[in-house]
Amino acid sequence: MANGAPASTMKDYIAQVTVMRAFTYLRISRLWGDIPVYFSNADRVGIKKISHKAAIEKVIADVEAVVGDLSTARPAKATLPGQVTSYTAHAVLAKLAAEILDYDKVLAHTAPIINDYGKAALFQDYHYLFTNQGNLTDEMILEAQCSSRASSATPWNGMGAFQGPGTSITAKVEINGSTEMASGWSFFTPTDKIVNLMKNRGETTRYETTILWAGQDTWYGDHIGDSNPYSDRWNGKFYNPSGLCYTADWGDGNNVRLIRYSDIVLLDAEAKIAKGQNGDQGVNWIRERAGLSAISGVTADQVMEERFVELCFEHGERFYDLVRTGRAEKELSGYSAAKQFYPIPQTVIDATPALAETAE
């Protein structure tokens, strides 16, 4: 016993924190590239940056050492629903490995998830996937819990609010006696590129779920008002329909999806194709849910397009996909490798001069 808890429980808790730390390092490394990586306060003294690849490899080793200490339950079915389990760890590891194109390691960590989850773990109704009906389901391997559908206590989801339409919205179902829904701030609006791609592909469910238009009803039946000076379209992945809301706040009652199972399925397909294997199955699972016909002989470019449509507006995944696979300069106007990462602020370097150097 340690601190009143069994040793196995303490190891589990430490492993959960280790996985979350790794996920944070993934985000940091995507932004700054060469970064300092340390796992104890003592290591901070005189610490230098290490290369982007070395940082990712160090974090991978840190997580792989503790996977065996975690619960083997699916996160949605864990003792504390949504907690970090071995599946979360494998998902984070797969995404870390994809950053450095280590496809052997990607497959080593997608396999334990897919072998157990299979096709059935995909939330079948894409419309409701991004509502609070999708909270704490098997598709959500990692999510930030902002509220609970089991309670009327719903903290404000600011991440959803600033992406909501900045215009009037008439609710199909009254919310606390009102037919007016909060409109949000109109940030991060869809581009013509994704709109046209979805139309050209014949997308239906994903198109009407992902993109909300001014002057039209949503797939649920809430009515979006006229366009504002900023946009005539908005991200539908933070939309929670009026019949599911406790309050009128945009995104009310919704968790923030951080890693979805479909992401892992498509990473698995990408890695298989890179290794000369067949990636059709995973891609077609995703396409089938979207109401699209199956394809065969899936190529790397087709996987990237499927990821674009499936994961658009989700934490910049499209941008990072393009960067890590070397497609960014071709796809993104004005992009160059020199602009891939933010510089570490000079004020930070002044406070810790060793951060001006990269150790390897």
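Trainee: Which element supplies the largest share of the lining of the largest pocket?

Mentor: Let me begin with the ground rules. This is a predicted model, in which local features need pLDDT of at least 70 and side-chain atom pairs count only at pLDDT 80 or more, while totals for chains, interfaces and linings use all residues. Residues are numbered from 1 along each chain as its sequence is written, and side-chain values use heavy atoms, with hydrogens and water left out. A pocket is found on a 1 Å grid over the protein atoms alone, as an open set of points where a 1.4 Å probe fits, with protein on both sides within 12 Å along at least five of seven lines; lining residues have an atom within 4 Å of a point. Helices (H or I, at least four residues) and strands (E, at least two) are DSSP runs, numbered from the N terminus. Here the answer is α12, which gives four residues. At least two lining residues come from each of α7, β7 (256-260) and α12 (317-324).

Trainee: How much space lies in the largest pocket, and which residues are closest to its centre?

Mentor: A volume is the space filled by probe spheres set on the grid points, which are joined across faces, edges and corners. For the largest pocket this is about 700 Å³. Of its 28 lining residues, Cys312, Phe313, Glu314, Gly316 and Arg318 are the closest to the centre.

Trainee: How does the lining of the largest pocket divide by class?

Mentor: Ala, Val, Leu, Ile, Met, Phe, Trp, Tyr, Cys and Pro count as nonpolar, Asp, Glu, Lys and Arg as charged, and the others, Gly among them, as polar. The lining of the largest pocket has 14 nonpolar, seven polar and seven charged residues. The second largest pocket holds about 340 Å³. Its lining has 13 residues, with Pro36, Tyr38, Ile47, Val348 and Leu355 the closest to its centre. That lining divides into 11 nonpolar, one polar and one charged, and helix α1 (residues 7-32) gives the largest share, three residues.

Trainee: How many salt bridges are counted?

Mentor: Side chains of opposite charge can pair when their charged atoms come close. The rule asks for a side-chain nitrogen of Lys or Arg within 4 Å of a carboxyl oxygen of Asp or Glu. The count comes to 38 salt bridges. In one of them, Asp192 pairs with Arg233, with the closest N and O atoms 2.7 Å apart. Asp192 is in helix α7 and Arg233 in strand β6 (residues 233-235), so this bridge ties together parts 41 residues apart in sequence.

Trainee: Is Arg233 buried or exposed?

Mentor: Buried means under 20% relative accessible area, exposed over 50%, and partly exposed in between (1.4 Å probe, protein chains only). Arg233 is buried because its value is 13%, whereas Asp192, at 48%, is partly exposed.

Trainee: Which residue meets Arg206 in a salt bridge?

Mentor: Arg206 pairs with Glu310 (2.8 Å, N to O).

Trainee: Where is Trp185 found?

Mentor: Trp185 is in the loop between β3 (178-181) and α7 (192-201), and is partly exposed because its relative accessibility is 48%.
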